[in-house]
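Please read each point with the structure open beside it.

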Amino acid sequence: MPIIEIKNANIYQGENQVLKDVNLTVNKGEFVYLVGRTGSGKSSLLKTLYADLPLTEGDAVVVGHQLRNMHWREVPYLRRKLGIVFQDFRLLTDRNVAENLRFVLKATGWKDKKAMDEKINEVLEQVGLKHKALKMPFEMSGGEQQRVDIARALLNSPKLILADEPTGNLDPITTDEIMTLLLSIAQKTNAAIVMATHDYTVVQKYPARLIKTEGGKVIDNATIDNL
Ligand SMILES: Nc1ncnc2c1ncn2[C@@H]1O[C@H](COP(=O)(O)OP(=O)(O)OP(=O)(O)O)[C@@H](O)[C@H]1O
């Protein structure tokens, strides 16, 4: 069953058409790179997938939700089924790691304290940071903060993880660690991952399906030599 199915979608930023006639299917557990030059529409495509940009032309179903003309009330239900990872981590700076995670759980409807504690432990274990639950974000390295960001994305057991340049701020060794983590998550949890990246070293080292935005189009199964 596809996790993402986009058909004949046109994607706009305001009046500007950014992508035309987008057709894309991503299946359960697939790892997909999204590449393309700056300004070619990678973020716009990701934003469409998590309903930050409204879809008005064409059809798209993401984790079972129809995106076209989605009512704002439905957006939180879609987001709950997604994990979103950003380049700049976006952790709350005034609270420790566990409280950052608890904040998201509460915001997504969790109530039971014991269940929340268990979930926080579980996702920190998944990203190898169980011993850092009480650290403040500023006490952690960039790679560790990115792991917390990934842990946060895992809280609601998503079937789709959208990652916008998750290694963009990291050195090569930390980048390798984060890539290994993301690939193992795709394998263990069977979540599909769509990862926007500029880092062609990563793409070469960890080959996977390549989707490319270019000239207002989305090109599937692009190859490394025509990036
Ligand atoms: N909020 C916005 N309002 C209007 N136009 C925008 C907005 N955000 C992006 N755009 C325009 O839409 C086009 C696609 O931008 P987008 O951010 O999707 O590209 P990108 O491939 O993700 O680039 P980058 O790699 O720099 O993140 C660009 O021409 C950009 O200027």
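**Notes on the model**

1. Ala51 sits in the loop that joins helix H1 to strand S4 (57–62), where helices (H or I, at least four residues) and strands (E, at least two) are DSSP runs numbered from the N terminus. Most residues other than glycine have a negative phi. Ala51 counts as buried because it has 20 C-beta neighbours inside 10 Å; a residue is called buried if 20 or more other C-beta atoms lie within 10 Å of its own, exposed if 12 or fewer, and partly exposed in between, with C-beta atoms placed from the backbone.

2. Two remarks on the basis of this note belong here. The model is predicted, so that local features need pLDDT of at least 70 and side-chain atom pairs count only at pLDDT 80 or more, while totals for chains, interfaces and linings use all residues. Residues are numbered from 1 along each chain as its sequence is written.

3. In H1 itself, the buried residues are Lys42, Leu45, Leu46, Thr48 and Leu49. Seen down the axis of H1, these buried residues fall within an arc of 155°, so they line one face of the helix; the arc is that of the directions from the helix axis to the C-beta atoms.

4. Leaving aside neighbours within four places in sequence, Leu160 is in contact with Ile3, Ile4, Val62, Val63, Leu82, Ala191 and Ala192, two residues being in contact if their C-beta atoms, placed from the backbone, lie within 7 Å.

5. Ala192, found in strand S8, counts as buried because it has 22 C-beta neighbours inside 10 Å. Not counting residues up to four places away in sequence, Ala192 touches Ile3, Val26, Asn27, Lys28, Gly29, Glu30, Lys159 and Leu160.

6. Helix H6 (residues 172–189) has 18 residues and reaches 25 Å from its first C-alpha to its last, close to the 26 Å expected at 1.5 Å a residue; the expected span is 1.5 Å times one less than the number of residues. The buried residues of H6 are Thr175, Ile178, Leu182 and Ile185. They cover an arc of only 90° around the axis, which puts them on the same side of H6. What covers them includes helix H5 (142–154), strand S7 (160–164), strand S8 (192–196) and helix H7 (200–205), whereas the face of H6 turned away from its buried side carries the exposed residues Pro172, Ile173, Thr180, Ser184, Gln187 and Lys188.

7. Asn190 lies in the loop between H6 and S8, and its phi is near 60°, a positive value in a residue other than glycine. Asn190 counts as exposed because it has 12 C-beta neighbours inside 10 Å.

8. In helix H3 (residues 97–107), the buried residues are Val97, Asn100, Leu101 and Leu105. Seen down the axis of H3, they fall within an arc of 135°, so they line one face of the helix. Their cover includes helix H4 (113–126) and H5, while Lys106 and Ala107 are the exposed residues on the face turned away from the buried side. H3 is followed by Gly109, whose phi is positive, near 100°.
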